[in-house]
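Please work through the following exercises with the model open beside you, and try each task before you read its solution.

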Amino acid sequence: MFPFCLSVLPWGILAGSMAVQAGLPLWQSIGLSALMFAGAAQLVTLGLVMSGANVVTILITVFFITTQHIIYALPLRNYVSRLALRYRLPIGFLLTDELFALSGGKSAQQPRSVSYLIAAGGFFYVCWVIFSLAGIVMATRIPDLARYHLDLLIIATFITIVVPMVRSISSLLGVVLSLALSMALAYFHVEGALVIAGLSGMFFSALLSRRGEEGL
Amino acid sequence: MSGALLFALAGIVFFNRYLFLEPRLPIRLPALVQQALKYSAPCLLTAICGPMILMDHGIVRPIRDNPYLWGALFSVIIAFFIRNVLLAVVLSLIFFALLLSL
């Protein structure tokens, strides 16, 4: 559990300090980590708020960026959906990438116990909030140089997240399509360029990987 | 950003996490949708970066003299070789800073 917890340390610090740099009041900076509890979605929110995106774009983008959590629930569904609501709700709230990885992922024959899921998830939650707080404190003490070029920080961060995710030709082509479409649609000032470009890339990748499987 | 937006976003994240833990939900996702969702993070994050690199408040940046473009390319190369997230981000930012100071 500890290595997983430590692996989110830089993300927590980044999410916390970026919230301060984006000009959020303290309660919102803490609230993002304490209520959303989703690193990538938090950074996306801050990036969009900074670039002046409208509320609908922010809501739709965060919805789609966290849809991969729907997948995380699938292998746990058989086991968790039989539990009482008082167990399902906390497990749902705590279902992060890390808990998904610990719960055994797709290969899990024997699901982890309820108490294990809630304890491990709760542990990650506490770590995440503490790391975010550390980032918030650091950002308020360090002179706010980054505020002027927060967009650069966002680009550098997102690229660093995306590159290791591109592990196949189908994902590469999907990302390239999303990039080209997002630029072209933004150039023509199309409403919802971001969501259209992102979804097009997703389905393009999915279609390509299906074809690849059929061809084998 | 408003407090209402923050709560709405928290609600959306929880909805997505909880959706398939709900026993009364009979829906099965089509295979294509399930596969597409696996690609949501890389494609959406890229789609956020694209316009930021290309444009500045609705105006296209000059191609050769665009530190965002060269900085982004450098970030891709760095991220490819250095898998330590924090180190990769810091190196990219140093490169961005150098470009901007030129």
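**Exercises on a predicted model**

From the N terminus on, the elements of chain A run α-α-α-α-α-α-α-α-α-α-α-α. This is a predicted model, in which local features need pLDDT of at least 70 and side-chain atom pairs count only at pLDDT 80 or more, while totals for chains, interfaces and linings use all residues. Residues are numbered from 1 along each chain as its sequence is written, chains are lettered from A and ligands numbered from 1 in the order in which they are written, and side-chain values use heavy atoms, with hydrogens and water left out.

**Exercise 1.** State how many helices and strands chain A has.

*Solution.* Begin with the rule: helices (H or I, at least four residues) and strands (E, at least two) are DSSP runs, numbered from the N terminus. Chain A then has 12 helices and zero strands.

**Exercise 2.** Find which residues of helix 7 of chain A are buried, and what they pack against.

*Solution.* Buried means under 20% relative accessible area, exposed over 50%, and partly exposed in between, with a 1.4 Å probe and protein chains only. In helix 7, which spans residues 85-94, the buried residues are A:Arg88, A:Ile91, A:Gly92 and A:Leu94. Next, look for contacts (heavy atoms within 4.5 Å). The buried residues of helix 7 pack against helix 6 (68-80), helix 8 (97-102) and helix 9 (114-141) of chain A, and also against helix 1 (3-18) of chain B.

**Exercise 3.** Describe how helix 5 of chain A and helix 3 of chain B are arranged.

*Solution.* Axes are lines fitted to C-alpha atoms, for helices over the stretch in contact, and angles run from 0 to 180 degrees between N-to-C directions. The axes of helix 5 (residues 55-65) of chain A and helix 3 (residues 40-54) of chain B come within 9 Å and cross at roughly 150°. The two helices are therefore roughly antiparallel to each other, a term for angles over 145 degrees. In this contact A:Thr61, A:Phe64 and A:Ile65 meet B:Ser40, B:Ala41, B:Leu44, B:Leu45 and B:Ile48, and these residues divide into six nonpolar, two polar and no charged.

How values were computed. Parallel < 35°, antiparallel > 145°, perpendicular 65-115°, else oblique. Nonpolar A, V, L, I, M, F, W, Y, C, P; charged D, E, K, R; others polar.
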